[in-house]
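Here are my notes on this one, written as numbered points. Have the model open while you read, and go through them in order.

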Amino acid sequence: MNENRMTAWREEEIPCPRCGQLTKVKKYHIINASEKPSVKKEILKNKIYFFECDNCSLSAPLTYPSIYLDSKKKLAFLLSPELGEETDDLCEGLGDLTGYKRRYVDNINDLKEKIMIFENRLDDRVIELTKIEYIRQLEKEMKDDELMNILFDYSGNDMYMMVFFQKKGVGRIPLNLEFYRQIENQYARRLPVRPSEEFEKIDLEWAGNIVLQRN
Ligand SMILES: [Zn+2]
């Protein structure tokens, strides 16, 4: 395996944002899921990319430039609150990623969602397009409330869209796979088979633009 693609981390001491106590955290620049499959679960269970304070028991996401690689599934996800020199260096160090699906996410929830989508052998582009259709159907509920987020999730064979409303809180809508396939077919011509050479941000905004182009 390319050495630059192996899991790499360093330990850092950072002050707790709530009580100030210095706490040791492991910061991963690279996480290679094919090398150590258990890291996938650790990310999903908030064991990685998370800050936990022993003193005041604050627990909060810890977002920093990091690459998640899965050479079996040919996935490369770049996680970082922002793009810049550090993320450029990180990506360049990986060498040739031809054939990899490259994605950029700026928060842990989106990273976890990407992992779960590909774990279920779905296409994140189709999932984002499907979300738009689901949001359209939620119009009535959005009249006196605000939809904060919508995320793919699953448990066993059941797949959902988790919807986060400001007032009503969290709800989940089963993902209708037949409907997903319909969307996939509808947009087939707009979704290139060959992965882009950029770390693409595939999110609701991206999907919204695709829908606009189609109409
Ligand atoms: Zn603390």
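1. Start at Asp203, which counts as buried at 18% relative accessibility; buried means under 20% relative accessible area, exposed over 50%, and partly exposed in between (1.4 Å probe, protein chains only). Asp203 sits in the loop between helix 5 and helix 6, where helices (H or I, at least four residues) and strands (E, at least two) are DSSP runs numbered from the N terminus. The side chain of Asp203 makes a polar contact with the side chain of Lys201, at 3.1 Å. A polar contact here is a pair of N or O atoms within 3.5 Å; within protein, one must be able to donate a hydrogen and the other to accept it, and residues adjacent in sequence count only if both atoms are side-chain atoms.

2. A word on what you're looking at: this is a predicted model, in which local features need pLDDT of at least 70 and side-chain atom pairs count only at pLDDT 80 or more, while totals for chains, interfaces and linings use all residues. Residues are numbered from 1 along each chain as its sequence is written, and side-chain values use heavy atoms, with hydrogens and water left out.

3. The rule for a salt bridge is a side-chain nitrogen of Lys or Arg within 4 Å of a carboxyl oxygen of Asp or Glu.

4. Now the overall layout. The chain is divided into domain 1 (3-119) and domain 2 (124-214), with bounds that come from an automatic or database domain assignment. Taken over C-alpha atoms, the two domain centres are 24 Å apart. How many residues of each domain are in contact?

5. Five salt bridges cross between domain 1 and domain 2 by the rule, and eight residue pairs are in polar contact (both at pLDDT 80 or more).

6. Click on Asp124 next. Its side chain meets that of Arg103 in a salt bridge (2.6 Å, N to O). Asp124 also forms a salt bridge with Lys114, the closest N and O atoms being 3.0 Å apart. Asp124 lies in helix 4 (residues 124-137) and Lys114 in helix 3, so this pair ties together parts that are ten residues apart in sequence. Buried or exposed? Asp124 counts as buried at 0% relative accessibility, and Lys114 is buried with 1%.

7. The structure holds 16 salt bridges. One of them joins the side chains of Glu12 and Lys27 (3.2 Å, N to O). Glu12 lies in strand 1 (residues 8-15) and Lys27 in strand 2 (residues 22-32), so the pair ties together parts that are 15 residues apart in sequence. Glu12 is partly exposed at 23%, whereas Lys27 is buried at 17%. Leaving aside neighbours within four places in sequence, the contacts of Lys27 include Trp9, Arg10 and Tyr64. Elsewhere, Lys40, Asp70, Lys73 and Glu119 are linked in a network of salt bridges.

8. Last, Leu129, in helix 4. Leu129 is buried, with a relative accessible area of 2%. Beyond its neighbours within four places in sequence, Leu129 is in contact with Ile183, Tyr187, Leu191, Trp206, Ala207, Ile210 and Val211.

Conventions:
Contact = heavy atoms within 4.5 Å.
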